[in-house]
Amino acid sequence: MTQTLAIVWNPSEGIDLGFFMIRYYSLMFVIAFGLGWYIMKHIFVREGETIEKLDSLFIWMVLATLAGARLGHVLFYDWEYFRNNLLEIFLPVRFEPSFHFTGFTGLASHGAAIGIILAMYFYSKNILQKPQLWILDRIVVPVASGAIFVRIGNFFNSEIIGEATSSSFGIKFIRDYFSPRDAVNATQIADPSEAYKAIATDPKFTTLLEQVPAKHPTQLYEAFCYIFVFAILFFLYWKTEARKKSGYLFGLFLVLLFSVRIVVESVKESQGGFESALGLLSTGQWLSIPFILIGFYFIFTSKSIKE
């Protein structure tokens, strides 16, 4: 497929401080959680809740998001591998085919959603002492904002990309097409980062760059759509009486966010999982359908509560 105007995407791994590398993906998570805490602080102030409860909520959210996202990836997308490598579920390394550090690269948003819902049950019961739907109706506002930055982090990592395209939206993800070893072997440059840079900018390696197909930047598609999901929830909470309808904002969040996921998945490369067994839809689309149905249930059964 020919794509002469495609953007070449080859970002650095992060901000190099000399003694420490701040990876962009990690930075996006920090921004997501930091902004989430800031939003929830204002919500808690409005609702008359203490900051001590907010600090506990922050800890619960971080643990639930990371644990749920990790286990979601393991169970939904790569169980055939992890069933024989159980230690790698909890360690940022791979032992096969050889030992190497990977970081926790496998995270699934569906698993994160399940983890957060379960954590909010225990948090609301043991700490907040309010109905679970009360916190779920409010936590979805910062969660929607966090989803934006997580997808931007995926973009920096050149992961979860789309199918090949000849449209003007196409981007050449060099780090997705060439593994570090492939880039080094192809350029004979020992440093993988310098090898990637050479493929992207050195005319001597034009033939290598031409091999990289332009693909849909589905991470940016999702991030852009999540801006509107966040804006809708933010507006409804602060400017309307929607927060008084128990379960309404939570249900709307599920419908909006996972509807976006279903649409974007239609141009996304396969992430594996059980889609080959079911066919028709991708794993991400199949997993999104129950969340959407549950969301509609809460929207249509939501009832006004007295403050």
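A residue is called buried when its relative accessible area is under 20%, exposed when it is over 50%, and partly exposed in between, with a 1.4 Å probe and protein chains only. By this criterion K268 is buried, with a relative accessible area of 4%. The structure is a predicted model, in which local features need pLDDT of at least 70 and side-chain atom pairs count only at pLDDT 80 or more, whereas totals for chains, interfaces and linings use all residues. Residues are numbered from 1 along each chain as its sequence is written, and side-chain values use heavy atoms, with hydrogens and water left out.

K268 lies in the loop between α11 and α12 (275–278); helices (H or I, at least four residues) and strands (E, at least two) are DSSP runs, numbered from the N terminus. The side chain of K268 forms a polar contact of 2.7 Å with the side chain of E222. A polar contact is a pair of N or O atoms within 3.5 Å; within protein, one must be able to donate a hydrogen and the other to accept it, and residues adjacent in sequence count only if both atoms are side-chain atoms. Leaving aside neighbours within four places in sequence, K268 is in contact with I160, I161, G162, E163, T218, E222 and R261.

One of these partners, I160, belongs to the loop between α5 and β6 (171–173). I160 counts as buried at 19% relative accessibility. Its backbone has a positive phi of about 55 degrees, although I160 is not a glycine. Most residues other than glycine have a negative phi. Q188 also has a positive phi, near 60 degrees, and is likewise a residue other than glycine. Q188 is found in the loop between α7 (180–187) and α8 (192–201), and at 66% relative accessibility Q188 counts as exposed.

The discussion now turns to the nonpolar interior. A nonpolar core is a set of buried Ala, Val, Leu, Ile, Met, Phe, Trp, Tyr and Cys residues joined through side-chain atoms within 4.5 Å. The largest such core has 44 residues, of which M40, F44, L57, M120, I135 and L233 touch the most other members. Two or more residues of this core come from each of α1 (24–47), α2 (51–76), α4 (109–128), α5 (132–156), α10 (218–239), α11 (248–265) and α13 (283–301). The largest share, 10 residues, is supplied by α11. Not counting residues up to four places away in sequence, L233 touches V140, V141, A144, L249, L252 and F253. There is also a second, separate core of 11 residues, which includes F178, Y196, F205 and L209. In soluble globular proteins, nonpolar side chains tend to be buried together.

Helix α1 contains both W37 and I31. W37 is partly exposed, with a relative accessible area of 29%, and I31 is partly exposed at 31%. Apart from neighbours within four places in sequence, W37 is in contact with L54, D55 and F58. The C-alpha atoms of W37 and F58 are separated by 6.7 Å, although these residues are 21 residues apart along the chain. For I31 and V150, 119 residues apart in sequence, the C-alpha separation is 9.2 Å.

Two further loop residues remain. P11 has its place between β1 (7–9) and β2 (14–16) and is buried, with a relative accessible area of 9%. Residues up to four places away in sequence aside, P11 touches F156, S158 and R175. S302 is found between α13 and β9 (303–304) and counts as buried at 13% relative accessibility. A polar atom of the S302 side chain lies 2.9 Å from the backbone oxygen of I299.

Note on methods
Contact = heavy atoms within 4.5 Å.
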